[in-house]
Structure formats: C-alpha cells, structure tokens
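Hello,

Here is the structure I promised to pass on. My notes on its strands and sheets follow below.

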Amino acid sequence: MTATHCPYCALQCGMTVTEIRPSAGPHPGSADGRPREVATVEPRDFPTNAGGLCQKGWTAAELLDHPERLTSPLLHGEPVGWPEALGHIARRLTALRAAHGPDSVAVFGGGGLTNEKAYLLGKFARVALGTSQIDYNGRFCMSSAAAAGNRAFGVDRGLPFPVTDLDDADVVVLAGANVAETMPPLLSHLRGARQVVIDPRYSATARQAVEGGGLHLRPAPGTDLALALGMLHLAVVDGHLDADYLADRTTGFDAAWRVAARWWPERAERVCGVSVAEMREVVRLLADARSRYLLTARGVEQHAQGVDTVSAWINLTLALGMPGRPGNGFGTITGQGNGQGGREHGQKADQLPGYRRIDDPAAREHVAAVWGVDPASLPGVGRSAVELLGALGMPGGPKALLVFGSNPVVSAPDAHRVRERLESLELLVVADFFRSETAALADVVLPVTQWAEEEGTMTNLEGRVLRRRRARRPPPGVRTDLQVISELAGLLDTAPAAAFPSDPEAVFTELRAASAGGPADYSGISYPRLDAGEALHWPCPATGGDPDAGGNSRPCGDPGPGVHPGTPRLFLDAFAHPDGRARFFPVDHVGPAEPPDGEYPLRATTGRVLAHYQSGAQTRRVAELAETVPESYVEVHPDTARRAGLVDGAPARVVSRRGAAHAVVRCVPTMRTDTVFLPFHFGGEQTANFVTNDALDPISRMPEFKACAVRIEPFAAPPHT
Amino acid sequence: MTQVSRRIVVAGYGMVGARFVEELRRRDPDGRRVRVSVFGAEPHLAYNRVLLSTVLAGGLSQDAVRLHDRGWAAKHRVDLRTGVSVTSIDRAARRVALSDGTDEPFDELVLATGSCAWIPPTDGLLGEDGTLAEGVAAFRDIDDCARILRLARPGSRVAVLGGGLLGLEAARGLTGRGVRVSVLHPVGHLMERQLDAGAGAVLAGTLTRLGVDVRLGVLAKRWSMATGLECDDGTTLAVDAVVVAAGVRPEDGLAAEAGIACDRGVLVDDTLTTSDDRVHAVGDCARHPGTVSGLVQPGWEQAAVLADLLTGSDPAARYRGTPVVTRLKARDIDLAAVGEVLDHECGSGIDGVEVLRLDDPSRGRYAKLVLRDDRLTGAIMIGSPDAAANVIQLYDSGAPAPEDRLALLLGRALPPESGVVGGSVSPAQLPATAVICRCNTVSKGKLVAAWRSGATSPAALARATRAGTGCGSCQQAVAGICEWLNSAEPGSPALRPIEGGAA
C-alpha cells in the first residue's frame, strides 16, 4: 500500500494505491504479456479531500495497465529502441541548432508535470538547448490569475490559505468556478457557507448553491468585469467600504474608484444582465459576514481581459477588507494537478525557478550560480504558449518542438491552426503515455511513466508541497520524464551530464537551492520532512537548522527548533510588495474580442465535465468515464435549438469564423438564449477549440476560451461506408 | 516633411466632452495625430453627472464623483482650461473666442456643451437679476447639488417641481435624508415620457409608501419664502425650498449664433457633423435623428464614433442611434423602461403585436411587455428586478423573445405542473435513471441493484457503488434510499427488477 495523491486536478486528493496479485488467465493489459499485479485505488483521509474521491480519482488506476499504453518509443510511427529514438532526436536537434541557432528548438511543458520535471525541463531548455523558446499549457490555465495576484499582492499563490479555512466561512463567492464538476471533493469545505456562484450557466455548482440557500448570478459570457465594477460601485455607494483597511493596508483605491464610478450598477446591469438587486444583495452579504471568501477560476480568467477581470474582483475584496485577514480572503482555484508548482520553477517563457523573473539580473545571477553557468549565457524572455505554437515552422520561428505532459492539438485555441503549425515542423517529439492527438503527429513518441510509477513532488492549489510516490514498477520499456531529459542532455553533450540528474530527490535538492530567496522559496522543504507528514506551504526558506533533520524522529507537524514551519497563510501581517501594501488596479470593461453579430449571433463558452480531465487523452480511455460522457455535446436553450432547426439529441455543428465542432444537442432550459456551452475534452471533429478565439490578454497572454461568436446548425452525418 | 497634428477644440468639459477627449487619447495616446484643447465653463474638473442623485441621497461625497484626477490633463497631453467657456465661433477664420478674452484656432470644433435646466415660468422662481430666487434650486450640476443640500435639512419640507426621472431621483434621495418631500407634476401620471398610466400609478403608490407626497395634475403658481408654494388647485404648500426638475434644454445657442442649423439642439448626421463640415456636436447639445437626449449612454457612444473619425482610426464609423433604456436610480424602487410603451387601450389588436401585462399595485409591481413579430420592442418593469435585467438584455440584443413569455414577464419560469417542491422528493418517486451521487455518477437504479445484491446499509452501498464518497453531499439521500428499501414490503414495486437494468 502506497500513500500518494490523485493524478488529476489541483486538489490532489489523498489516495492509496494497492497492488493485488492477479488471478490466473490471460492478461491482455500487461505490456510484456506476463501476469502483472493489478493496482487499485482507495481514498485516503487528507485535508483537501477529507476522505473523498470523485469518479476520476476512483478509476485512475485503470490507465496503468491500459491496452493502449505506449511501451516502446515510436519513430515515424514504428516501434524502435530507446537508443535509436533518442539518438535520432539528438542528431536532429544538433543539426538544427547548428544551422539555425538555439531558438530553432522549442519546448512545451505542462501543468501536470511534477515540480522536479518542470524544473529540469526549464533548465534543459535554457542550459542544454540554450533556447528561450519554452512555455507550457499553464498559460491556458493560471496565467491571468497569476498576473493579477502578482500585481495586487506581490506574489501569486492560488489560495493564500489552506482549503480547510473555508470550512468556517459564512459566505463564499465562486466567480467563474464550477467546482462541482472540476474538483467535487472541494464542496465538502463549502457546506457551512452561504454560497454565491457567478456563472453564465446554471451549472452543477450553481444548482447545489441555490439548493443550499445560496445565490446564482448569471452574467453574459465575457462581462464579469462589468459585474465586478458595478459591485465595487455599490460597495462604495451603500457605505460598505472598509476605510481603516484601505488606509492601513492598501494603495491605489482612488484611481480604481475613478473607473468604478462610471459603472453605476444600472449601467453594469445593462452590460452583464445581472440585476442591480442581486449585485446589491451579494455585496451586502459579503460586507455583513464575519468570515468571507471570494474565489475565481477559469470562467472569469480565460478572456482577452482575464487579468483585468481578476483585478476587478480583487479590488472588490480589497474594498471590503478581505485579503490578508484571518477567516477572510481572495483566492484563485488552480486547475491542473501541479498548476501551482508548474508555474513556479521555470517552464514558463519569462521565468526562472522560485518564481523568479528571467529578465531580473539578480535572479539570473542566482540561478546561473546554482547551475554553474555564466548568467549571460541564459536566454531571455521567450514566446508565450499561443505565440509559440503560432510561430512553429514560420520564418524566424522554431523548427523543432519537444512536448512533455501536454496535448495542444486539443487544448490550445484555434486548433486547426495549431495542427497546421505542428505539421510544418521539421521535428516534433512528444513524451506521453498514450498516443494522444498531438503524439499522433509526432516524428518521435517517447513512452513515459504515469503517476503511480514515479517519485516526485506536486504543489497543490493551496501552495502545499506534496509527495507523489511510486506504488509499482513501470511497464518494461517505459522511462520517467526525468530519465528522458537526462539522457537527451547527455547525448546533446552541451552541458556536463551531472547537471541533469534523473533521480527525483537529487533534482528536488537542486530545485531547493535554485528557489532559495525567490518568492516561491522551497529551500527549507525536503523529502524527509514531507515523508514525515509535515504540511509545508511555501514560502519555506532554509534556516540555520538543517531542514533535512526535521524528518523521521519528530512527530508529524512539529518541524523542530530553528526550522521554518512553512507558510499556510500569507499576507496576515503584510502583502509581498516592498511597502507591504496590496495594490488596487484601475481596470475598465472592454468586452469580448469577438462580439456576436448577424452571422454568428450566439456566444460560445467552454468548460469541463466531471467525468473528464483536460484534453481527455487519459479519461476518454477509462471505460467507466467514457461511458458516463461518451462524446461531446452542446448545451443550448430549447428556443435557440428550435430556431436553429434542432431538437434534443440531434447532431449539430457549432460554427465560428475559425472552424466547426460537432456535438450532440442537449436542450437545457436554464441556459441563456444567447449562449451555448461546449466541453473541451474531446478530439477529432468534436474539438471545441476548433471554434475558440486565440485573442490574447495583453499581460498574461491567456487566450479567450470563454467567449467567442458562433452559430449552431444541424449536421447530417455522412453515411457510413 | 514633418506632419503637423490637427487641432481639435472641444467646447464643454462635462461627461461627454471629457469622454470624447479620453476616446481621442485612447486612439492617439502620444498626441501624434491630434492636439486637443478643452474648455469647461464650470471651474471644476469633469464630474459624473449621473451620480448627482447618489450624492443627493448621501451615498457619495462630491469629491467621489470627479471623473479625472488633477494630473489627468498633463498626463494625457490635453490642453485643459476650466472656468473658461467658448463665447463665439468664427467659422470663416476657424477660431473660437473665449470668455477670458483670448481666442483659439481649430481644424475641427466639437460642441459638447450639454444642456441646462429649464425653469418654468412660475412666479417667484427667478429673482430680479434673472438668477434663481432665495430657496430655489435647480437640479442639474454639482453646484445645484450643493445648493439643494444647504436648503434641504433633515426635517425640512421641500417641493420638487417635476415628476420625471430626475425629479423622482431627487425626491427619493432627499426622503432618504429625512427631508419631507412633495412632488408636483403637471401631467396626470409620473414619468409620462417613459411610462403608461398604469405604471405611473404603481410608481406613485410606491413613492407614497416611501413617504413622498405625490401631487399629480398640479401646477405651481407662485413661490415665496414667506407663504410657500401656491398651486393651481388652490392649495399652498408650506415648504422651505423648491427644487426645479422640470426638464432640460439643449445648450445650442453658441451654434445658432454662428449660423449652424439648430432645432431644439444642434442638428447632426451619422458622422456627428453639423451643417458646417468642421463643426461637430455630441451629447445633450446635439440632436441626432431618432436619439432621445438627456441620457449619457448616447453621448458616450457618439464620443467614440467621433473619435474614430477625427483620429482616422475608423473612417467608416457611424453613429446610428442608441436603444433607450431608462432606469430609475432610487433606493427601494426598481424601475426600468425600454422602447415603446403603448397605451392601455392599444396593443394586442394590431397585427403582429402582443402586449403582456401584470398589474399588481398593492405589492408595487407592474410588468408590461410589447412585442412585434416575436421581438421585444418595449417594456416597463417595476418591482421586478430580475425580470428587468433580462428584458433589458433582450431589448439591446434584438434577439427573438423566448417562447415562455410568462417567464420573461415574471423573471422566472413557473415550476413544472404538479411541480415537486425543491429537493423533498421521496425515493419512490424518483426514476431509476436519476443521478443520486454526481461525483461518482451513481443512479438510483445502481443503488437499488447494489441493495438487491446484499448491500443493505449506507456504508455497504457506498462500498459497492462509491455513492457518497466524493463531496459527501448525497450521503443523506443515499441513507434515505437505503431506509426506503429496507422498509419496503416483500413484493413491493421497490423490490421488483428494474426496467432497463442498473442505469
């Protein structure tokens, strides 16, 4: 029995993996034909999940022995040995670098990779490849909230408090968050609170909130910023400003008010469709409650104005005196399993480990010293995800791409264009455990381990560092991502082989040193401390006492004298800006980059369903999950369906200027008549991102997944041949 | 050859003049294309006139309604002169004369002079010198606001002349401050420009309940501090002050004197250009065909179009009018009116026209929808805030109205027939396909099947099906189903095999 955490979302539910001896008989799932132990999963009592698991977690082990599991490298679709595959990659990379320079090779990472992998991948790009061209799918996930958090508070940690603090809340506002689908066990922490759910749809989360006596506000897609401005206006007009808090702990209110003053609630209502009475009620609820939280998620963040929208919500919470007070706060709900750690350790185009900026000379110097290289040799800021994908194979753009832990053919916006760019590459390498839609395009596919087959750390939505533990040996022929990076670095021979260890703990030890002194300081965290059961939230700097000594001998939760205990709650004394104050930002509503018009009269929004995760490359292969939600669908108001000549259950095409996605009609009477919803977990003709808009936020470079103009029409499937 | 930027002069630094300059600088941040000079007659920085009723009601300080900070003009390369007005236009020389004795050349002149309060010819409202008499205040600008607040102390009595939008906002605001307010309205129902008679009556009832003394069809005849306000119905109101909110008039004198075509406003076309190609007008002083003045939204939209044109950002930009949405900003009164509001008698007889109406005066509710050919063309909503928000969005979008007209009228759908009251459904009534545990997609049918296989306690059901092992919120429901099964008589429907198996 091995204690580890779920492979999927950022809640990182505690689970145990147990191997059971197989019965006699054929074992088609076994990669080497020999009978293998069968792994099963049980929930484990852990603060984030309180002993619960959703259907994805319960069935996670099914993928370990899945018949489609990759167990051999593929070169142009044919199985080859590791030496041949890696040798091919190294030769091609070396030739491209020699002919076109280091930026001709790009790297694309993922928010599901462990801290160790994210760190080593970033180092591999900057040191072994010398390229600035590295970014990751977290750009599609946390980038807007991260940028807004950084500019308001001076640091970005999704939840600056433990999830369990929500248990005692009186009021929790969920803005653009559908946790009943995306991380169900989180709901167990919200049961005591009056919930307010802000979502264009009457989502499962909205439903359980209303059924529990809460409220549902239903803005039009892409108008959350106007709603937040209207509510800030009401907070002022109705006398709810926390004047002492503003004076003592913040700066910049006046400029933010100058904008909010123009958003009298009746004007905001006209834009967003939420009534003034509801805005007033929610502001009053927040103002009067003793313990209140406001949490945002992708619904308000995945917009071309995503950063400003998050800032608008932060402004409201600052006006009401919430952040940095015990029992109160603002937070963002991280999506991917290691969405938090993945954005801290250097797989982002503008970042170095420890959440350092790559254009900060002091940061470069520190990290270069840890890496034993000249600071001047480190590349600068590279292209962000959408821009990177868009530049592939273009003049001046990268000619090779290495993909780890991501499936951008399904997950990136304007998917037709992404596929076209990937196909134009001279070399595409994908490390994955299945032949994902992106792997299907690759010149070389490298089979790597899954969560239960590897060691490492993950940082969950509350900034707590967790141990992922190996519960079973990987199938023969499969290597860890760290081994792949390490061996590739060795073959490239551009840096000393010792610079790229494949042992997770050795990588983590180096990560600690690289992060020391940065905003996300892990230097006081160690495998022994984590294995002893300590709850360590960053920052956790190394101190005079040896952090490694904090482990086995002491009872859980007692780090011992002279050892930093970690920081479960940020901002209680001061915010992370030099003056210790939180900053209001003056932000104004502009609206979606592509408003509806006569030709495309509806607004499309995308999101997740409980049974699936991200691009679905994993969950679509779990029989029980595929059975629950077997194919894509489009939620649409019955009137809107009827006007388009559609009925419930009919095949339809959702069409935008960029492409069309096939989906089965689901008539949902609670939908806005001007809005349709598509889940984004499906590939092929059902790829929701064929229709989405790749308009970018100017700061975070987040694409506008959550609002684009579409029409919906019947689709007659061609007869089967 | 260096390009010379064009000179734009803006006469008026109110909400629309200020907005126009912001829109210019949004398109031309460093001033490479246009130089801009703005002249504001009032000595203040631009402020938000829409919020004056909130100031009157005590929700905001006068300082809080400023639109710009002191450094705004310098930061955005704007030549701003407050307390200076344009006194005449020399179209031939392309110069404006200013109240400080200087003059200023222009390539394009933008008139944004707004409107002024109309003072009815009631005796005693104006003093000998033509300014407002003692105890009288208009309700138009920020100085008016300060004057009203000086006159109207808690406990004092004030008459508001005019039962339109502005008058009612003032009346409600003052009532909230403890002032005893009478509203005199010469017409038979309140807000007659936006409401039909039924809505007017409901509104009057609501105001009365909030303590406002509403007098309809009454005209003020004479005012003096000594006797108070004499009315044409023979009554005299012993009020301490009079607030005049009887309507506004466009400030078009400057244009008219310069020979520019005016007719109750400076006439403009879809490019916001007057009869002189180099002179433009936006906001309340302008009269665009089909646009109702007195609201800020049209002026802001005009400002954006004109900025597109004068900076060359979008030479094809045109202003085609703004759908009118009226929203009364008054605490405890939720009123919205859009589009056409047919009289009581007209309506459903006309081809393709539907009128729906809910009239509930004792609860202060009134809702009316006017539809033509499936599109919403007008609505009035009082006391029905959620319905109002939906209706306004539908009206603005021009999309076809939902089939469920009643839901549109009421703001919510009626529960389905013989509707089950939220959540308290007995296990027997649930269909086998009903999902009990969302987190693990466990249906009632699956639970019954598990029970039949021997899982006869909630814990055993959880082990067998995982129901209740996610967020835990369905654990009670699972226990309920278990109890129902355990207590079922042998042979009862609960224990019969389930059709279609364990869905």
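Which residue in β2(A) does His5(A) stand opposite? It is Gly14(A).

First, the ground rules. This is a predicted model, where local features need pLDDT of at least 70, side-chain atom pairs count only at pLDDT 80 or more, and totals for chains, interfaces and linings use all residues. Residues are numbered from 1 along each chain as its sequence is written, while chains are lettered from A and ligands numbered from 1 in the order in which they are written.

Chain A, open sheet. Its three strands run in the order β1-β2-β3, with antiparallel pairing. (Strands are DSSP runs of E, at least two residues, and helices are runs of H or I, at least four, numbered from the N terminus; two strands pair if DSSP finds at least two bridges between them.) β1 (2-5) and β3 (38-43) of chain A are at the edges with a single partner strand each, so one side of each has no neighbour in the sheet. Four bridges link β1(A) to β2(A), residues 14-20.

Chain A, hairpin. β27 (693-696) and β28 (703-704) of chain A are antiparallel and share two bridges. Leu696(A) faces Pro703(A) across the pair. Six residues lie between the strands, and Arg701(A) takes a positive phi near 60 degrees.

Chain B, open sheet. Five strands pair antiparallel in the order β21-β22-β25-β24-β23. The edges are β21 (325-330) and β23 (353-360) of chain B. Inside the sheet, β22 (333-339) and β25 (375-382) of chain B are joined by five bridges. There, Val338(B) stands opposite Ala379(B).

Best wishes
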